[in-house]
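Subject: Structure handover and findings

Hello,

Here is the structure we spoke about. Please open it first, then read my notes below.

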Amino acid sequence: MLTALKIFFFCFFFLFANLNYVFAKDIFVGKGEKHLTAASALKAAEDGDRIFIKGGYYSECPIIIDKSVSIIGIDNPVFDALSKDEGFIIRADNVTIKGITIQNSGISYIEDKAAVKLESVSNCVIEENILLNNFFGIYLSKVSNSAVKKNRIKASNLKETASGNGIHLWNSNNIIIENNSIEGHRDGIYFEFVKKGEIKSNISYKNLRYGLHFMFSDSCYYAGNTFKENGAGVAVMYTKKVTMTDNLFVDNWGSASYGLLLKEISDSEVYGNKFTRNTIGLYSEGSNRVKIYRNDFNQNGWAVRLMANSVDNVFSKNNFIGNSFDVATNSQQHYNKFINNYWDNYKGYDLNKDGKGDIPFRPVRLYSMIVANTPTALIFLRSLFVDVLDVAERALPSITPKTLTDEAPLMRKRL
Amino acid sequence: MIEINNLHKNFGKLKALSDIDVTFKKGDITAIVGPNGSGKTTLIKIILGLVRRTSGTIRYNGKDINGCSYRSDIGYMPQSPNYPDNLNAAELIEMLKDIRGKKESLDLELIELFQLSGEMKKSIRNLSGGTKQKINAAIAFLFNPALLILDEPTAALDPISSSYLKDKILKENHNGKAVILTSHNMYDIQELSNDIVFLMEGKIFFRGSPNQLMNRNGYENLERAVAGLMKELFDGNDSKNN
Amino acid sequence: METILKIIKYQLRDVLRSKWLIAYLLFFLLLTYGLFRFAGDDSRVIISLMNVVLIIIPLVSCIYGTIYFYNSKEFILFMLSQPIERSTLYTGMWLSIAISLSVSFIIGITVPYLLLGQVNVQNLYTFALLAASGILLTFIFSSAAFLVAVTNSDKARGFGISLLLWLFYAVVFDGIILFTMISFNDYPLETPALIATLLNPIDSARVLILLKLDISALMGYTGAVFQKFFGNMLGILIAIFSLILWIALPFVTGLKLFKGKDL
């Protein structure tokens with residue numbers, strides 16, 4: 001139903017835009033043209049016009065767009081904000097910015113200066129642009145029914161405070177973020193108070209803080225993204241009904257770094273994702289009724305860290321392979337369910353050949369409880385003594401949570 | 001050739017050798033004789049550098065025996081040899097040649113006499129005790145050493161091999177080599193040696209020719225003479241202790 | 001030096017024909033083959049192999065080294081009646097044992113890896129690290145075994161001490177340090193913990209492999225000392241240096257004692 005509505009809206013606006021084009025004119029900017037600057041072209045333009053900007057260097061930022069026009073780069077024009085101002089400020093609906101390089105939006109501690117800023121508008125498209133060394137990249141505030149696609153966004157500030165977000169959304173709805181690559185910003189993608197957002201097939205990597213920072217954004221959906229080598233991984237917080245699927249969370253290392261942090265998330269689904277080589281694959285705190293299934297957890301420090309204030313979550317049909325710790329927790333009491341997962345540490349047998357082990361698996365090791373209390377003990381990882389301790393504890397559980405078991409672990413890894 | 005002065009050896013509190021002064025000369029076959037535990041083997045091992053002396057000097061051709069080069073002049077036949085299980089005698093000899101860097105011809109006479117050529121390619125592990133002893137003897141003579149040190153050379157040998165070996169010892173001695181040997185077989189000693197060192201409780205009690213020893217108490221053979229000397233010394237000790 | 005090489009040459013010929021060494025080779029061959037065949041994932045194989053390397057190699061090196069030394073008693077006498085320095089013989093014998101054990105181990109794990117494993121850069125590096133750790137541990141524990149054999153004339157006693165040595169470093173040491181850590185939970189323990197691992201060669205080797213295998217987990221630790229240690233080449237260098245020290249220390253001590261020993 002939701003999707004249908006979305007499609008409807010899209011078709012509608014597309015038609016509307018096309019109608020406009022019938023009366024629209026094309027304006028060219030660049031050397032040898034009537035207009036040498038975008039500003040002069042904008043002055044001459046009317047709603048629905050297309051402004052083509054030829055290759056060259058333009059230092060006329062900030063450019064304020066208050067008409068419904070398309071600004072389209074030919075041969076990669078470069079707009080330089082000279083580390084002082086903003087790039088493009090969009091204040092009209094139905095604006096498209098395409099094929100333009102925008103660089104050096106100014107760093108400010110008071111104002112969020114961006115390469116492209118959209119404020120209280122709708123039906124805009126920002127696509128195929130290159131954004132280099134900007135404070136904020138693309139900034140959407142109170143925007144609706146818009147799309148950010150195929151942009152390449154890269155910054156290289158080393159300090160979090162001197163760095164803004166790659167794609168920043170605040171209080172917006174019905175936005176599609178697709179096929180962008182974001183590198184070296186504070187947060188790669190930032191969502192706050194967004195409704196019905198879709199984040200698809202983006203690559204967000206080497207950002208200083210989060211690859212994706214996601215809060216108070218109900219009913220959003222993100223799929224097929226890669227979040228790699230971000231300072232703290234991905235944080236999804238204070239939200240209901242999020243769907244996270246087919247994403248790749250990889251190489252997020254650090255003492256407070258996770259592939260995916262779920263903080264106070266409820267009624268959501270996490271499936272088909274790959275968590276590879278993260279310090280913590282999935283960290284759940286105060287999250288309820290989340291279904292986590294068919295994910296692959298490979299070679300993480302801790303595949304899953306599940307705090308006791310998380311309740312009624314279900315982990316099923318996940319693969320746990322080559323992780324230093326499978327599951328860690330902070331309490332003996334547990335109200336989550338693990339069932340039919342594949343654990344490479346499982347040493348049980350399957351006499352009735354139904355593909356499921358006949359004895360339950362306890363994914364929480366005694367050693368992980370020791371490490372939680374005495375972090376330095378981490379240095380004994382894979383020591384024979386620790387393995388002996390674990391075997392003893394598994395035989396006679398006394399400290400590890402008795403209820404946290406997988407009653408029917410898979411014998412073979414789910415393909 | 002070998003000159004030992006004021007040699008002492010203690011194993012902890014036990015005095016194994018005390019105040020030994022003895023020289024071994026070129027052309028002599030010296031037998032070291034004494035009861036079990038008298039220090040015979042210790043003395044030989046000290047000469048070879050296998051046991052470290054507590055004090056005293058040992059000179060070989062005038063130089064103190066530090067280092068290992070003097071041992072290239074020595075052929076040693078240990079009492080109970082043992083060689084690497086998985087090598088054969090040919091490889092063992094090849095190894096010694098290799099280590100000594102000897103290029104000139106080897107003395108293979110004993111190998112021929114003992115008819116060892118058929119045993120050379122067998123793993124030493126599979127050889128009998130007697131055959132091992134023969135190889136042991138052959139190796140001692142192999143590099144034409146100036147000094148032969150033979151620890152119970154005829155033990156475990158059959159009579160024919162034993163006589164071959166004794167002939168060889170006499171022959172090499174005739175060629176000017178010094179020989180030091182120990183044996184429990186006094187007939188062998190009587191046959192071979194012209195010089196006897198009698199050890200007891202780590203001290204030398206007699207040094208001289210076999211004839212001198214026999215004449216001393218008027219015995220007719222060496223075995224009786226040695227037995228007599230031992231008895232005399234034991235009795236002397238007893239009276240001292242009492 | 002030349003003489004050492006000659007001794008090694010003939011000793012290797014001897015040792016490599018021994019049935020124990022062949023059994024050792026077969027053990028690694030079958031184990032690694034089995035793991036690649038049935039454990040599936042290559043990283044899983046390396047983890048299992050690491051457990052074996054850290055336990056079996058010290059154990060076998062300890063026992064085999066001690067037995068070898070005792071069984072060579074007469075041979076040592078024989079060799080030292082030749083113009084050979086004691087240090088030359090000792091070094092030669094030890095290197096022969098260590099090299100032959102290492103060779104068996106390397107062949108045993110490498111052949112199945114090349115046949116069945118997925119050879120790529122990532123996993124080749126971990127594999128090489130594992131192989132290097134195994135070799136270092138072989139050298140360490142065989143030199144320790146020689147030291148034990150030199151200091152104990154009694155065979156049974158030496159053998160027992162050798163086993164205890166292994167048990168101590170493989171299990172007991174970690175237990176003691178771990179319980180100490182838990183009891184002194186409130187104090188900063190990072191530096192003592194790092195020093196403790198350097199005091200145990202099995203731990204040093206383990207940490208060396210962990211740096212590759214479990215770096216995701218190790219980076220989760222907040223302590224600055226750990227971060228520094230694990231975060232760059234420093235950790236690897238220190239671990240390797242301490243392992244080399246662990247080879248040198250028992251070897252030099254054993255050699256010194258052997259030189260003055262009455263045989």
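Start with B:N126. Its place is in the loop between α3 (109-113) and α4 (129-142) of chain B. Helices here are DSSP runs of H or I with at least four residues, strands are runs of E with at least two, and both are numbered from the N terminus. B:N126 counts as exposed because it has 10 C-beta neighbours inside 10 Å. The cut-offs: a residue is buried if 20 or more other C-beta atoms lie within 10 Å of its own, exposed if 12 or fewer, and partly exposed in between, with C-beta atoms placed from the backbone. B:N126 and B:N185 are 59 residues apart in sequence, and their C-alpha atoms are 28 Å apart in space.

Two notes on conventions. This is a predicted model, in which local features need pLDDT of at least 70 and side-chain atom pairs count only at pLDDT 80 or more, while totals for chains, interfaces and linings use all residues. Residues are numbered from 1 along each chain as its sequence is written, and chains are lettered from A and ligands numbered from 1 in the order in which they are written.

Chain B, strand β9

Strand β9 (residues 195-200) of chain B is largely enclosed by the rest of the structure, because 5 of its 6 residues are buried. Strand β3 (residues 29-33) of chain B runs parallel to β9(B), and 4 bridges join them. Two strands pair if DSSP finds at least two bridges between them. Across that pairing, B:I32 stands opposite B:V197. β9(B) also pairs with strand β10 (residues 203-208) of chain B, in the antiparallel sense and over 5 bridges. There the bridge partner of B:I196 is B:G208 in β10(B). β9(B) and β10(B) form a hairpin with 2 residues between them. B:E201 in the turn has a positive phi of about 50°.

Chain A, the sheet

Chain A has an open sheet of 12 strands with parallel pairing. The order is β4-β7-β10-β13-β16-β19-β22-β25-β28-β31-β34-β37. Its edge strands are β4 (63-65) and β37 (325-329) of chain A, each pairing on one side only. From one strand to the next, the twist averages 10°. Angles run from 0 to 180 degrees between N-to-C directions, and axes are lines fitted to C-alpha atoms, for helices over the stretch in contact.

Now look at β16(A) and its two partners. Strand β13 (residues 136-141) of chain A runs parallel to strand β16 (residues 167-170) of chain A, with 4 bridges joining them. A:L140 stands opposite A:L169, and A:S141 has A:W170 as its bridge partner. Strand β19 (residues 189-192) of chain A also pairs with β16(A) in the parallel sense, over 4 bridges. A:W170 stands opposite A:E192 in β19(A).

The domain assignment of chain A gives domain 1 (24-231) and domain 2 (365-399). These bounds come from an automatic or database domain assignment. The centres of the two domains, taken over C-alpha atoms, are 50 Å apart.

Chain C, the helix pair

Helix α2 (residues 19-38) and helix α3 (residues 42-71) of chain C pack at an angle of about 170°, their axes 11 Å apart. That makes α2(C) roughly antiparallel to α3(C). The classes: under 35 degrees is roughly parallel, over 145 roughly antiparallel, 65 to 115 roughly perpendicular, and the rest oblique. Residues of α2(C) in this contact include C:W20, C:Y24 and C:L31, and those of α3(C) include C:V45, C:L49 and C:Y64. By class, this contact has 10 nonpolar, 2 polar and no charged residues. Ala, Val, Leu, Ile, Met, Phe, Trp, Tyr, Cys and Pro count as nonpolar, Asp, Glu, Lys and Arg as charged, and the others, Gly among them, as polar.

Between the chains

Which chains share the most contacts? Of the 2 pairs of chains in contact, that is A and C. Residues are in contact if their C-beta atoms, placed from the backbone, lie within 7 Å. Chain A and chain C each give 31 residues. On the chain A side, α3 (366-373) and α4 (384-395) each supply at least two residues. α4(A) gives the most, with 3 residues.

Chain C also touches chain B: 20 residues of chain C are in contact with 26 residues of chain B. No contact joins chain A and chain B, whose closest C-alpha atoms lie 36 Å apart.

Best wishes
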